[in-house]
Amino acid sequence: MSSDSSAKIETVLQEERVFNPSDETINRASIKGFAQYQKMVNSAKSDPQKFWGEAALEGLHWFKPFNTVLDWTDPPFARWFDGGKTNVSYNCLDRHVKQGKGEKIAIIWEGEPGEVRKITYKQLLEQVCRTANALKEIGIKKGDLVALYMPMVPEAAVAMLACARIGAPHSVVFGGFSSEALRDRINDGQAKAIITADGGFRKDKIISLKNAVDSALSGNSCPSVESVLVVKRTSESISFSPGRDYWWHELVPAQSIDCPAEEMDSEDRLFVLYTSGSTGKPKGVVHTTAGYNLWAHMTFQWIFDVREEEIYWCTADVGWITGHSYIVYGPLSNGSTTVMYEGVPRPSNPGAFWDLIERHKINIFYTAPTAIRAFMKSGRDIPDKYNLKSLRLLGTVGEPINPEAWIWYRDVIGGNSCPIVDTWWQTETGGVMISPLPGAIPTKPGSATLPLPGIEAEIVNAEGKSVDVNQGGYLVIKHPWPGMMRTVHGNPQRFRESYWEYLPPINGSLVYFAGDGARRDKDGYFWIMGRVDDVINVSGHRLGTMEIESALVSHNSVAEAAVVGKPDDIKGEAIVAFVTLESGANHNEKLLTDLKVHVSTEIGAIARPDEIRFTNSLPKTRSGKIMRRLLRALAAGEEVKGDTSTLEDRNVLDELRK
Ligand code: WT7
């Protein structure tokens with residue numbers, strides 16, 4: 001571990017400040033006080049079937065009620081709410097309109113250049129119906145997979161809901177991924193259509209999306225794709241392939257607003273979302289209809305506890321799970337007003353977030369630690385210029401937050417009065433798993449605090465035995481929950497092995513493990529310590545070191561590559577690549593730049609190495625395994641400690657140190 005990160009963990013260990021919910025927070029909360037939380041925990045634990053069954057009847061609309069709550073007869077393949085029929089788009093739209101909330105604003109959208117659109121629930125329902133009918137017109141049927149490659153425009157949310165409405169699962173690919181990455185995801189899921197835009201605005205530049213789609217599809221490399229629906233956003237010139245490509249503004253507005261929601265089985269697929277693991281290609285995480293909807297719905301309600309008139313904003317992109325659960329499905333299922341922003345803070349507008357909060361009078365703000373650390377670095381003068389008094393609750397997600405950043409967030413952004421919810425979860429968990437409930441759980445800076453009711457989390461060692469207080473170990477979940485991923489698309493064996501058989505069963509039952517280390521303090525609070533596998537977290541984006549290595553090795557000049565993370569003040573982790581070259585290749589500045597560009601092309605700019613170090617060989621064990629522990633220490637500029645006796649060639653270390 002680096003001196004830097006061990007210093008961080010020490011501060012975490014010494015962190016003893018506790019912030020109790022204020023009377024005001026408790027009074028307005030639905031879950032008031034620790035005793036009420038405890039009561040919910042106990043009822044979920046003593047009778048999970050009853051707890052989840054009641055929650056599902058209350059939280060969702062059912063065309064037909066379910067027969068069973070949880071079927072866990074074939075673990076780890078769970079079935080939730082079998083026999084039931086529901087529709088996620090109905091739950092997010094129709095039921096609110098039917099309850100007289102049609103005129104309420106569902107989405108407040110702001111584009112990076114500054115235009116604002118406010119869409120009511122009634123308008124959103126109409127747009128979703130039109131889009132759903134348009135999808136039908138281009139041949140999309142229930143069960144067909146639709147890929148989305150979109151900027152942060154309202155049409156992204158509309159498209160997701162339109163897919164859900166007709167039972168066509170979506171596969172959203174983050175707009176920052178390259179055409180190669182898009183192609184892999186299209187082919188893995190066999191997407192039948194793509195919804196995209198000409199381009200999007202990002203940091204005062206145009207990101208060309210349609211061009212990337214064209215290259216992904218070029219040379220018939222994605223034979224499953226029959227059509228491409230294109231939103232006009234930037235009006236840049238793009239090429240159009242007749243018979244395959246359709247303009248959204250020509251096809252969609254012409255459709256009828258009548259499109260009854262398909263009655264879906266609880267376990268029908270809602271979406272596939274790709275995420276990085278420690279081995280192989282990114283995994284298509286499969287989420288299904290009722291369980292996912294319920295989990296996004298309940299967790300949103302429990303944690304953010306949004307009142308009718310309040311405005312909520314999550315700064316994520318819809319290309320990530322945070323955007324799925326907490327920009328689109330969670331808020332809309334609860335009938336809340338959700339803000340969508342196309343831009344990010346940038347040199348031309350460093351106060352962009354605070355400006356939005358002031359103008360739209362945002363009450364609840366949910367962002368990532370990396371953003372908070374960047375704001376801290378540029379100084380409080382920027383946020384201090386804005387009126388942030390509308391805020392009443394702040395959230396963070398994506399990576400561990402250091403106590404310093406937590407305190408700064410609370411003080412400078414929250415005016416020392418907003419509770420902070422540090423929410424721990426993953427693409428695989430569908431929604432938040434460990435988080436404070438603002439009116440019930442005292443917070444400690446840097447801790448995600450306690451599991452939500454129904455979530456049985458624990459820290460164990462490699463043998464599956466519980467560890468002592470403050471001992472680090474593997475963070476596991478011991479009981480299925482409705483929002484859990486159901487499988488890896490096309491690879492159930494990988495689902496079983498990577499998540500449920502990584503650790504031995506506990507008391508005969510499989511336990512879920514998805515890669516994080518953590519410890520628990522004397523109060524039972526969870527302190528997440530980060531990934532223990534070969535996954536790195538760069539600015540809250542999850543990347544497999546293997547993926548970046550394969551991208552590097554696919555370059556002609558590269559023989560071998562090993563990628564590690566190194567502590568970074570702003571990004572959390574920075575990417576360092578150790579590379580050996582093919583004989584004859586010259587390790588010069590040009591190749592260095594070429595390799596960085598190559599990785600951006602293969603995966604996307606988020607995977608671009610911050611540092612590349614050329615070397616003649618990599619440190620390996622006698623069995624040929626790269627010793628990343630050594631490389632991590634070297635990358636962080638530390639002394640290599642611990643056992644190096646398994647190293648095949650001791651000279652490698654000396655060479656790397658130079
Ligand atoms: C990984 C999951 C969950 C949506 C965004 C990322 C890390 C996430 C926290 C937190 C410490 C966190 C974990 C996890 N992580 N939230 N509050 N504290 N670490 O989703 O891309 O699936 O990444 O993000 O390491 O495993 P993801």
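Which residue with a positive phi follows H20? Gly-637 does, with phi near 75°. H20 gets its own close-up below, after a word on the model.

This is a predicted model, where local features need pLDDT of at least 70, side-chain atom pairs count only at pLDDT 80 or more, and totals for chains, interfaces and linings use all residues. Numbering starts from 1 along each chain as its sequence is written, and side-chain values use heavy atoms, with hydrogens and water left out.

View 1. A polar side-chain atom of Asp-422 sits 2.7 Å from a ligand nitrogen, a backbone N or O atom of Thr-423 is 2.8 Å from a ligand nitrogen, and for a backbone N or O atom of Pro-400 the distance to a ligand nitrogen is 3.4 Å. The protein covers 95% of the 540 Å² of accessible area that the ligand has on its own (Shrake-Rupley method, 1.4 Å probe).

**View 2. Helix H20, mostly covered.** In H20 (residues 628-635), 6 of the 8 residues are buried (under 20% relative accessible area, 1.4 Å probe, protein chains only). They are Arg-628, Leu-630, Leu-631, Ala-633, Leu-634 and Ala-635. Their cover includes helix H18 (545-553), strand E28 (558-568), strand E29 (572-581), strand E30 (611-614) and helix H21 (651-657).

**View 3. Trp-302 in the largest nonpolar core.** This core has 167 residues, and Trp-302 is among those with the most contacts inside it, as are Phe-81 and Ile-548. A nonpolar core is a set of buried Ala, Val, Leu, Ile, Met, Phe, Trp, Tyr and Cys residues joined through side-chain atoms within 4.5 Å. Beyond four places in sequence, the contacts of Trp-302 include Ile-31, Met-40, Phe-51 and Trp-295 (contact: heavy atoms within 4.5 Å). A second, separate core of 28 residues includes Tyr-341 and Phe-353.

**View 4. Asn-293 in helix H11.** Asn-293 belongs to H11 (residues 289-304) and is buried, with a relative accessible area of 0%. Not counting residues up to four places away in sequence, Asn-293 touches Leu-60, Val-88, Asn-91, Thr-288 and Ser-333.

Key: A polar contact is a pair of N or O atoms within 3.5 Å; within protein, one must be able to donate a hydrogen and the other to accept it, and residues adjacent in sequence count only if both atoms are side-chain atoms. Buried means under 20% relative accessible area, exposed over 50%, partly exposed in between (1.4 Å probe, protein chains only). Helices (H or I, at least four residues) and strands (E, at least two) are DSSP runs, numbered from the N terminus.
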